Amino acid sequence: MSTPSALLKVMIDAARKAGRKLARDFGEVTELQVSKKGPADFVSAADLKAEQVVFEELAKARPGYNFLGEERGLVEGTDKTHTWIVDPLDGTTNFLHAIPHFAVNIALERDGAVVAGVTHNPITNDTFWAEKGKGCFNNDKRMRVAARRRLDESLLATGIPFMGKPGHGQFLKELHQVSGRVAGVRRFGSAALDLAWVAAGRYDGYWERDLKPWDIAAGGLMILESGGTISSMSGERFDPHEGTLLASNPDLHPQILQHLKAAG
């Protein structure tokens with residue numbers, strides 16, 4: 001068992017505080033589901049409130065750090081070497097539809113490299129966290145990627161481009177290449193939790209395109225710290241600001257990559 005550092009504690013506390021607010025709001029969303037107006041405006045407000053909580057908690061603990069958030073964009077601080085990267089509600093569509101699969105996502109980038117990450121699901125109370133060189137944990141339990149070596153026994157996760165996003169044709173080609181060779185493919189609607197679940201050994205691999213750094217910066221570190229392999233979809237070095245990725249264990253990664261590349 002590892003104890004999170006003072007820095008990680010700040011991140012975990014901020015994620016859990018925002019998560020408590022989201023959990024309360026989520027209770028109201030389940031009621032709003034049956035109304036004609038629907039909960040869309042309410043959810044947008046919940047998202048903004050959650051980011052405000054995270055912003056205030058992190059600024060209080062580490063004044064001067066840059067802050068890159070999904071809602072407010074980049075807020076420059078006096079310390080240019082550090083940047084918080086935050087998605088206050090990853091899995092908004094799930095939240096909107098009263099599906100309890102979403103997370104508060106916080107990463108810290110130092111001199112261009114992610115050094116710490118937290119992904120917190122306030123409904124299940126899973127708090128996944130990692131610190132560079134110190135391993136990956138869910139609450140106080142060490143996480144490792146799954147040990148499967150055979151593609152036909154593997155369960156993979158992905159994301160499907162939604163309305164208004166390009167890449168549907170490419171996605172279908174990739175799905176065609178992969179789905180007939182694996183035990184199953186899941187689409188659960190939260191990139192942050194997809195990565196955390198690969199790190200925890202629940203999924204054997206995950207691929208997706210056109211993601212934002214606040215979706216994947218924390219999870220990318222979790223994959224590495226749980227013994228996994230992560231790259232771009234072309235097999236290059238993973239960069240959360242590039243937005244495409246394949247994460248898996250070291251045995252399956254080249255096998256999945258080969259089939260994704262075959263999709264062209």
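Which residues do ring pairs link into a cluster? They are Phe-26, Phe-95 and Phe-102. Keep in mind that this is a predicted model.

**Tyr-65 and Trp-84**
- These two rings make a tilted aromatic pair, with 5.4 Å from centre to centre and 35° between the planes.
- Tyr-65 belongs to strand E1 (residues 65-69) and Trp-84 to strand E3 (residues 79-90), so the pair ties together parts that sit 19 residues apart in sequence.
- Tyr-65 and Trp-84 are both buried.

**Phe-188 and Trp-197**
- Here the ring centres are 5.7 Å apart and the planes meet at 70°, so this pair counts as edge-to-face, because planes over 60 degrees apart get that label.
- Phe-188 is partly exposed, with a relative accessibility of 34%.
- Trp-197, on the other hand, has a relative accessible area of 17%, so it is buried.

**A charge over a ring**
- Arg-72 places its charged end over the ring of Phe-55, 4.3 Å from the ring's centre.

**Helix H5**
- Among the buried residues of H5 are Leu-193, Asp-194, Leu-195 and Trp-197.
- After H5 comes Gly-201, which has a positive phi near 80°.

Terms used
Residues numbered from 1 in each chain as written. Predicted model: local features only at pLDDT ≥ 70, side-chain atom pairs only at ≥ 80, totals over all residues. Heavy atoms only, no water. Phe/Tyr/Trp six-rings, centres within 6.5 Å; stacked < 30°, edge-to-face > 60°. Helix = DSSP H or I, 4+ residues; strand = E, 2+ residues; numbered from the N terminus. Buried < 20%, exposed > 50% of the residue type's maximum accessible area, 1.4 Å probe, protein only. Lys NZ or Arg CZ within 6 Å of the ring centre and 35° of its normal.
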